[in-house]
Amino acid sequence: MISQPSRHCTVELQALPSRIGQVRRIISAQLRYWHLDPLIDQAALGVTELLTNVHRHAEPDKLCTVEIELLLDRLTVSVHDHDPRLPTVRDAEVFATSGRGLGLIAAVSDSWGVRPQGETGKIVWFTLSAPSPAVGLPPRPVVNGSTTDGPFPGTASAAGTHDGKRERAAARSAVAG
(Lines give C-alpha, C1' and ligand atoms only; values in the text may rest on other atoms or scores of the structure.)
Protein backbone atom coordinates (compact mmCIF):
# COMPACT_ATOMS: atom_id res chain seq x y z
CA MET A 1 0.00 0.00 0.00
CA ILE A 2 1.32 3.42 -0.92
CA SER A 3 0.45 6.14 1.57
CA GLN A 4 -0.18 9.79 0.81
CA PRO A 5 2.38 12.23 2.21
CA SER A 6 1.50 14.89 4.75
CA ARG A 7 0.08 18.24 3.65
CA HIS A 8 0.45 21.32 5.83
CA CYS A 9 -0.84 24.93 5.81
CA THR A 10 -0.13 27.67 8.38
CA VAL A 11 -1.69 31.13 8.78
CA GLU A 12 -0.60 33.73 11.37
CA LEU A 13 -3.08 36.44 12.28
CA GLN A 14 -4.60 38.73 14.85
CA ALA A 15 -7.85 37.03 15.93
CA LEU A 16 -10.12 39.93 15.04
CA PRO A 17 -13.65 39.42 13.68
CA SER A 18 -12.71 40.65 10.20
CA ARG A 19 -9.78 38.23 10.02
CA ILE A 20 -11.74 35.20 11.21
CA GLY A 21 -13.84 35.21 8.02
CA GLN A 22 -10.70 35.51 5.90
CA VAL A 23 -9.09 32.52 7.62
CA ARG A 24 -12.28 30.50 7.20
CA ARG A 25 -12.11 31.20 3.45
CA ILE A 26 -8.40 30.27 3.34
CA ILE A 27 -9.08 26.97 5.12
CA SER A 28 -12.00 26.24 2.77
CA ALA A 29 -9.87 26.95 -0.31
CA GLN A 30 -7.02 24.78 0.99
CA LEU A 31 -9.37 21.85 1.65
CA ARG A 32 -10.84 22.21 -1.86
CA TYR A 33 -7.28 22.16 -3.24
CA TRP A 34 -6.63 18.92 -1.33
CA HIS A 35 -9.95 17.50 -2.67
CA LEU A 36 -11.44 17.39 0.85
CA ASP A 37 -14.65 19.27 0.10
CA PRO A 38 -16.73 17.09 2.51
CA LEU A 39 -14.68 18.45 5.46
CA ILE A 40 -15.07 22.15 4.68
CA ASP A 41 -18.14 22.85 6.83
CA GLN A 42 -16.78 21.03 9.88
CA ALA A 43 -13.29 22.55 9.61
CA ALA A 44 -14.65 26.07 8.99
CA LEU A 45 -17.01 25.83 11.97
CA GLY A 46 -14.24 24.50 14.23
CA VAL A 47 -11.65 27.09 13.25
CA THR A 48 -14.26 29.85 13.64
CA GLU A 49 -15.01 28.71 17.19
CA LEU A 50 -11.33 28.45 18.13
CA LEU A 51 -10.49 31.88 16.70
CA THR A 52 -13.52 33.41 18.40
CA ASN A 53 -12.22 32.02 21.70
CA VAL A 54 -8.84 33.66 21.06
CA HIS A 55 -10.57 36.95 20.19
CA ARG A 56 -12.76 36.89 23.31
CA HIS A 57 -10.45 35.38 25.91
CA ALA A 58 -6.74 35.35 25.00
CA GLU A 59 -4.29 37.59 26.82
CA PRO A 60 -1.84 39.37 26.52
CA ASP A 61 -2.55 39.65 22.78
CA LYS A 62 -4.74 38.25 20.02
CA LEU A 63 -1.86 37.00 17.85
CA CYS A 64 -2.29 33.34 16.94
CA THR A 65 -1.33 30.70 14.41
CA VAL A 66 -3.79 28.41 12.64
CA GLU A 67 -2.43 25.17 11.24
CA ILE A 68 -4.10 22.47 9.22
CA GLU A 69 -2.35 19.23 8.44
CA LEU A 70 -3.49 16.27 6.43
CA LEU A 71 -1.65 13.12 7.39
CA LEU A 72 -2.91 9.98 5.67
CA ASP A 73 -6.62 9.85 6.53
CA ARG A 74 -6.68 12.45 9.33
CA LEU A 75 -7.04 16.22 9.12
CA THR A 76 -5.82 18.11 12.18
CA VAL A 77 -6.80 21.75 12.69
CA SER A 78 -5.04 23.63 15.50
CA VAL A 79 -4.83 27.15 16.88
CA HIS A 80 -1.84 28.29 18.95
CA ASP A 81 -2.18 31.46 21.03
CA HIS A 82 -0.04 33.17 23.67
CA ASP A 83 -2.38 32.73 26.64
CA PRO A 84 -1.30 29.83 28.88
CA ARG A 85 -4.78 29.53 30.47
CA LEU A 86 -6.49 26.36 29.28
CA PRO A 87 -10.09 26.56 28.07
CA THR A 88 -12.86 24.59 29.73
CA VAL A 89 -16.08 23.15 28.40
CA ARG A 90 -19.01 25.00 29.91
CA ASP A 91 -22.64 24.07 30.28
CA ALA A 92 -24.29 27.03 28.58
CA GLU A 93 -27.75 28.13 29.65
CA VAL A 94 -30.53 27.34 27.19
CA PHE A 95 -30.84 30.93 25.93
CA ALA A 96 -27.17 31.92 26.32
CA THR A 97 -25.56 33.51 23.27
CA SER A 98 -22.08 32.19 24.05
CA GLY A 99 -20.31 29.37 25.87
CA ARG A 100 -20.93 26.54 23.41
CA GLY A 101 -17.75 26.70 21.28
CA LEU A 102 -15.87 23.70 22.64
CA GLY A 103 -19.09 21.71 22.80
CA LEU A 104 -19.63 22.40 19.09
CA ILE A 105 -16.09 21.33 18.31
CA ALA A 106 -16.61 18.11 20.27
CA ALA A 107 -19.83 17.48 18.35
CA VAL A 108 -18.40 17.90 14.83
CA SER A 109 -14.92 16.42 15.29
CA ASP A 110 -13.53 12.94 15.83
CA SER A 111 -11.34 14.14 18.70
CA TRP A 112 -10.09 17.38 20.17
CA GLY A 113 -7.78 18.55 22.89
CA VAL A 114 -5.66 21.22 24.51
CA ARG A 115 -1.91 21.11 24.82
CA PRO A 116 -0.05 23.66 26.97
CA GLN A 117 3.03 25.31 25.49
CA GLY A 118 4.85 26.12 28.73
CA GLU A 119 4.43 29.76 29.62
CA THR A 120 4.14 30.77 25.97
CA GLY A 121 0.55 29.72 25.44
CA LYS A 122 -1.40 26.70 24.33
CA ILE A 123 -2.59 24.76 21.31
CA VAL A 124 -6.24 23.83 20.95
CA TRP A 125 -6.80 21.26 18.21
CA PHE A 126 -9.38 18.96 16.66
CA THR A 127 -9.26 16.14 14.14
CA LEU A 128 -11.53 15.03 11.32
CA SER A 129 -11.43 11.77 9.39
CA ALA A 130 -10.49 12.49 5.80
CA PRO A 131 -12.01 10.46 2.98
CA SER A 132 -9.59 8.84 0.57
CA PRO A 133 -9.25 11.20 -2.37
CA ALA A 134 -10.45 9.88 -5.72
CA VAL A 135 -7.50 11.62 -7.32
CA GLY A 136 -3.99 12.11 -6.01
CA LEU A 137 -3.14 15.15 -3.96
CA PRO A 138 -1.29 17.97 -5.70
CA PRO A 139 2.51 17.73 -5.45
CA ARG A 140 3.94 19.02 -2.21
CA PRO A 141 5.94 22.23 -2.66
CA VAL A 142 9.45 22.46 -1.29
CA VAL A 143 9.42 24.58 1.87
CA ASN A 144 12.46 25.64 3.85
CA GLY A 145 12.04 25.73 7.59
CA SER A 146 11.42 23.43 10.48
CA THR A 147 8.50 21.27 11.43
CA THR A 148 7.20 20.38 14.86
CA ASP A 149 5.17 17.54 16.30
CA GLY A 150 1.49 17.99 15.56
CA PRO A 151 -1.16 18.08 18.23
CA PHE A 152 -2.15 14.45 17.85
CA PRO A 153 -3.88 12.46 20.58
CA GLY A 154 -1.46 10.48 22.67
CA THR A 155 1.64 12.53 21.84
CA ALA A 156 1.22 15.27 24.43
CA SER A 157 2.18 14.86 28.03
CA ALA A 158 -0.62 13.76 30.31
CA ALA A 159 -0.45 16.90 32.45
CA GLY A 160 -2.90 19.53 31.30
CA THR A 161 -3.99 17.64 28.20
CA HIS A 162 -7.63 17.11 27.35
CA ASP A 163 -8.53 14.56 24.73
CA GLY A 164 -12.25 14.57 24.03
CA LYS A 165 -13.79 12.00 21.70
CA ARG A 166 -17.39 12.26 20.61
CA GLU A 167 -19.60 10.75 17.99
CA ARG A 168 -20.28 13.14 15.16
CA ALA A 169 -23.51 15.04 15.41
CA ALA A 170 -26.18 14.12 12.88
CA ALA A 171 -26.72 17.75 11.89
CA ARG A 172 -24.03 19.66 10.02
CA SER A 173 -23.38 23.35 9.93
CA ALA A 174 -23.72 25.31 6.74
CA VAL A 175 -20.84 27.76 7.04
CA ALA A 176 -20.29 29.96 4.02
CA GLY A 177 -16.73 29.70 2.73
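Mentor: Let's go from the overall layout down to single residues. Keep in mind that this is a predicted model.

Trainee: How many helices and strands are there in the chain?

Mentor: Count 3 helices and 6 strands. Going along the sequence, they come in the pattern β-α-α-β-β-α-β-β-β.

Trainee: And what share of the chain's residues counts as buried?

Mentor: The chain has 177 residues, and 40% of them count as buried. For the surface, the accessible area of the chain is about 10,000 Å², with 54% belonging to carbon and sulfur atoms.

Trainee: Which residues of α2 are buried?

Mentor: Quite a list, including Ile-40, Ala-43, Leu-45, Val-47, Leu-50, Leu-51 and Val-54.

Trainee: What do the buried residues of α2 pack against?

Mentor: Their partners are β1 (7–14), α1 (17–33), β2 (63–71), β3 (74–81), α3 (101–108) and β5 (122–129).

Trainee: What should I look for in a core?

Mentor: The general idea is that in soluble globular proteins, nonpolar side chains tend to be buried together. Here the largest nonpolar core has 34 residues, and Leu-31, Leu-51 and Leu-75 have the most contacts inside it. The elements giving two or more residues to this core are β1, α1, α2, β2, β3, α3, β4 (111–116) and β5. Of these, α2 gives the most, with 6 residues.

Trainee: Take Leu-31, then. Is it buried or exposed?

Mentor: Leu-31 has a relative accessible area of 0%, and buried means under 20%, so Leu-31 is buried. You'll find Leu-31 in helix α1.

Trainee: Which residues does Leu-31 touch, not counting those up to four places away in sequence?

Mentor: Leu-31 touches Leu-36, Asp-37, Leu-39, Ile-40, Ala-43, Ile-68 and Leu-75. Take Ala-43 from that list: the C-alpha atoms of Leu-31 and Ala-43 are separated by 8.9 Å, and the two residues are 12 apart along the chain.

Trainee: Now the strands. How does β5 pair with β3?

Mentor: β3 and β5 run antiparallel and are joined by 8 bridges. One place to look is Asp-81, whose bridge partner in β5 is Lys-122. β4 also pairs with β5 in the antiparallel sense, over 6 bridges. There, Pro-116 has Lys-122 as its bridge partner. As for cover, 7 of the 8 residues of β5 are buried.

Trainee: Which residue takes a positive phi in the hairpin of β4 and β5?

Mentor: That's Gly-118, with a phi near 60°. The hairpin has 5 residues between the strands.

Trainee: Last one: how many disulfides does a search of the whole structure find?

Mentor: A disulfide is a covalent bond between the sulfur atoms of two cysteines. The search finds 0 of them here.

Technical notes:
Residues numbered from 1 in each chain as written. Predicted model: local features only at pLDDT ≥ 70, side-chain atom pairs only at ≥ 80, totals over all residues. Heavy atoms only, no water. Disulfide = S-S within 2.5 Å. Buried < 20%, exposed > 50% of the residue type's maximum accessible area, 1.4 Å probe, protein only. Helix = DSSP H or I, 4+ residues; strand = E, 2+ residues; numbered from the N terminus. Contact = heavy atoms within 4.5 Å. Core = buried A, V, L, I, M, F, W, Y, C linked by side-chain atoms within 4.5 Å. Pairing = 2+ DSSP bridges. Areas by Shrake-Rupley, 256 points an atom, 1.4 Å probe, with all protein chains shown as cover.
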